[in-house]
Amino acid sequence: MSQSITVTGLDELIRRMQDAAEDFPRLRREFHEAIAAEIQDDVVKSLGSRARESSGKVAGWQESVVGSGGGYAAVRPIKGKDGHGRAYGYITNAIESGHAISRPRKNRKGYRARIKKRYVLGLHFYERARPTAEKRAIDGANRLADTIKQKMEEKA
C-alpha cells in the first residue's frame, strides 16, 4: 500500500504573496504620506492654539516629509531662512525647546530691566503631537495589513 501526501494550492498561494509583495512599496508610501499629513495637521493645530504664536508664521514653516524609499514619515521645519537670516529650523527649535533670555546691557545708574525671568519655556508642540501620531500610525498599519489581506484574497 502506497502512502502519499498531496499539497495543492501552494503555487497559487506563492503567486498571491508575490503579487502582494509587488504592491507593498506603493502601499507603504501611500500609508506614510497619509500619516505625515495627519501629523502635520496635529503640529499646526498645536502651534495655533498657543497664544504666543498666534501669527501662524511658525506653523507655516512646518512640512511633512516621506522618506525617499517611502519607509518613514516626519514633520520638520522647511529649509531656508527668515528675513533676518535665521534658519527656520533654528527658530523652531528655540520655540520647541525654550531658550535663554539675554540680560540687559544697560549700564546706566537706576536702570531696571523689564525682563524678570531668565529663560522662555518651550512649547513642545512636536512632543505633544507624538502620542496622537503613534496612535494614528498603529491604526494606519492595521488598515495597511487589511488592504494587503484583501489584495491577496481578491487574486483567488
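A pocket is an open set of grid points where a 1.4 Å probe fits, with protein on both sides within 12 Å along at least five of seven lines, and its lining residues have an atom within 4 Å of a point. The views below come from a predicted model.

**View 1. The second largest pocket and its lining.** In this predicted model, the second largest pocket holds about 200 Å³ of space. Its lining is made up of Ile39, Val43, Ala73, Ala74, Val75, Tyr126, Ala129, Arg130, Ala133 and Glu134. At least two lining residues come from each of helix 1, strand 2 (73-77) and helix 4, and helix 4 gives the most, with five residues.

**View 2. Helix 4, its bend and its buried residues.** Helix 4 runs over residues 125-154, and its 30 residues reach 43 Å from the first C-alpha to the last, which is close to the 44 Å expected at 1.5 Å a residue. At proline 131, helix 4 bends by about 35 degrees. The buried residues of this helix are Phe125, Ala129, Ala133, Gly140, Leu144 and Ile148, and they pack against helix 1, helix 2 (57-60) and helix 3 (88-97). An α-helix has 3.6 residues a turn, so residues three or four places apart point the same way.

**View 3. Helix 1 along its length.** The end C-alpha atoms of helix 1 are 55 Å apart, which agrees with the 57 Å that its 39 residues should span at 1.5 Å a residue. Helix 1 bends by about 40 degrees at phenylalanine 24, and proline 25 follows within four residues of that place.

View 4. Serine 46 lies in helix 1 (residues 10-48). Serine 46 counts as buried because its relative accessible area is 10%, and buried means under 20%. Once its neighbours within four places in sequence are left aside, serine 46 is in contact with Phe125 and Arg128. The side chains of serine 46 and arginine 128 are also joined by a polar contact of 2.4 Å.

View 5. Histidine 124 is found in the loop between strand 4 (119-121) and helix 4. Is histidine 124 buried, partly exposed or exposed? Histidine 124 counts as partly exposed, because its relative accessibility is 39%, and this class lies between under 20% for buried and over 50% for exposed. The phi of histidine 124 is near 55 degrees, a positive value in a residue other than glycine. Most residues other than glycine have a negative phi.

Terms used: Residues numbered from 1 in each chain as written. Predicted model: local features only at pLDDT ≥ 70, side-chain atom pairs only at ≥ 80, totals over all residues. Heavy atoms only, no water. Buried < 20%, exposed > 50% of the residue type's maximum accessible area, 1.4 Å probe, protein only. Polar contact = N/O pair within 3.5 Å; in protein donor to acceptor, adjacent residues only side chain to side chain. Contact = heavy atoms within 4.5 Å. Expected span 1.5 Å × (residues − 1). Bend = angle between axes of the 7 residues up to and from the residue. 1 Å grid on protein atoms, 1.4 Å probe; cavity = no way out; pocket = protein on both sides within 12 Å on 5 of 7 lines; lining within 4 Å. Points joined across faces, edges and corners; volume = space filled by probe spheres on them.
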